[in-house]
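Please read them alongside the structure.

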Amino acid sequence: MTCTLHITAALRAGITYLRHSYCTRPFKVANIREDRAALQLPLVIMSASPGMLDGDVYHWKIEVEAGAHLLLQTQSYQRLFTMQQGAHQRIDVEVASGAALHYLPHPTVPQAAAVFEGHTHIHLQENAHLLWSEIITCGRKLNGEVFAFTRFHSTTEVRWKNKLVLRENTWLEPQRWSLPGMGQLETYTHQASLFCFDEQLDMNALADALHEMFAMEERIATGVSRTAHHGLMLRFLGQGGEQLQTMIARAAALVAGMREGVNILK
């Protein structure tokens, strides 16, 4: 089944609103803003499907117009079911000048024999702000499904004014590479990444603050890297989806605090 989602957020009188929304089954977009005077627009992408099935093709297009601020959330974990041919997902994102987009979705769970191919293309304009995360689990761990999927391949490209500034390529194929082996995930079963781009933030200070925040955390491994053009990438290895969701949320809160001139570590 081919499924389409198209969202456009725009700015009117200083408040972000949903200028355009179109989706086909199984998607639905819910506006969860409680305070009508709030400047940011929080949306939840809901789905009537329990997850991606064999042959599913998802195509999302997300546009944030100049000056607008969109907070995009998901409803629940994204399950990838047992497949023969596989499922495909493409996400195209445009963040205009002075706009901001936060997308911190729930973890993805590739079940036994799942085959997934996903490609995300993000275009940023001048002074755009981006927080974008991805959490990948080993499968239904509590059911004994640990790296029982066939293939998970996800790429994310970020371009600033059409210049490629980051490319993330996650290719997991347990029958081809031993993921618990040396140099791979070793003792960890889950992984997460968070991209942050912001021309106004001091990325060196942010990297130091992230190191300080997670230095004493147990049962996770953390890495922070600078990217080209005012970007930073944070990676976690851990043992559970909720554990990594919490880490991502804490990192996002730190970024939000620094944008407002507040260091939440003090």
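How many residues has helix α2, and how far does it reach from its first C-alpha to its last?

1. Helix α2 (residues 241-259) has 19 residues and reaches 27 Å from first to last C-alpha, close to the 27 Å expected at 1.5 Å a residue. The expected span is 1.5 Å times one less than the number of residues. Helices (H or I, at least four residues) and strands (E, at least two) are DSSP runs numbered from the N terminus. Just after α2, G261 has a positive phi of about 80°.

2. The model is predicted: local features need pLDDT of at least 70 and side-chain atom pairs count only at pLDDT 80 or more, while totals for chains, interfaces and linings use all residues. Residues are numbered from 1 along each chain as its sequence is written, and side-chain values use heavy atoms, with hydrogens and water left out.

3. Buried residues of α2 include L244, M247, I248, A251, L254 and V255. Buried means under 20% relative accessible area, exposed over 50%, and partly exposed in between (1.4 Å probe, protein chains only). The buried residues of α2 pack against β13, β16 (190-197), α1 (203-214) and β18 (231-238); contact means heavy atoms within 4.5 Å.

4. The largest nonpolar core has 49 residues, and W60, L70, L101 and W132 have the most contacts inside it. Apart from this core lies another, of 25 residues, among them L194, I220, L232 and I248. A nonpolar core is a set of buried Ala, Val, Leu, Ile, Met, Phe, Trp, Tyr and Cys residues joined through side-chain atoms within 4.5 Å. Leaving out residues up to four places away in sequence, L70 touches I7, A9, L41, L43, I62, V64, A100, L101 and H102.

5. I122 sits in strand β12 (residues 115-124) and is buried, at 1% relative accessible area. Beyond four places in sequence, its contacts are V93, L130, W132, T156, E157, V158 and R159. I91 is 31 residues from I122 in sequence, with the two C-alpha atoms 8.1 Å apart.

6. T156, in strand β14, is buried too, with a relative accessible area of 4%. T156 and H119 are 37 residues apart in sequence, and 6.0 Å apart C-alpha to C-alpha.

7. The largest pocket holds about 490 Å³ of space. On a 1 Å grid over the protein atoms alone, a pocket is an open set of points with protein on both sides within 12 Å along at least five of seven lines, whereas a cavity is a set where a 1.4 Å probe fits but cannot get out; lining residues have an atom within 4 Å of a point. The pocket lining has 32 residues, with W60, Q78, Q89, Y103 and T108 nearest the centre. Elements that give two or more residues to this lining include β9 (87-95), β12 and β14 (151-160).

8. There is one cavity of 30 Å³ or more, and the largest cavity has a volume of about 40 Å³. Grid points are joined across faces, edges and corners, and a volume is the space filled by probe spheres set on the points. E134, I136, E168, T170, Q191, A192, S193 and R235 line the largest cavity. Strand β16 gives the largest share of that lining, three residues.
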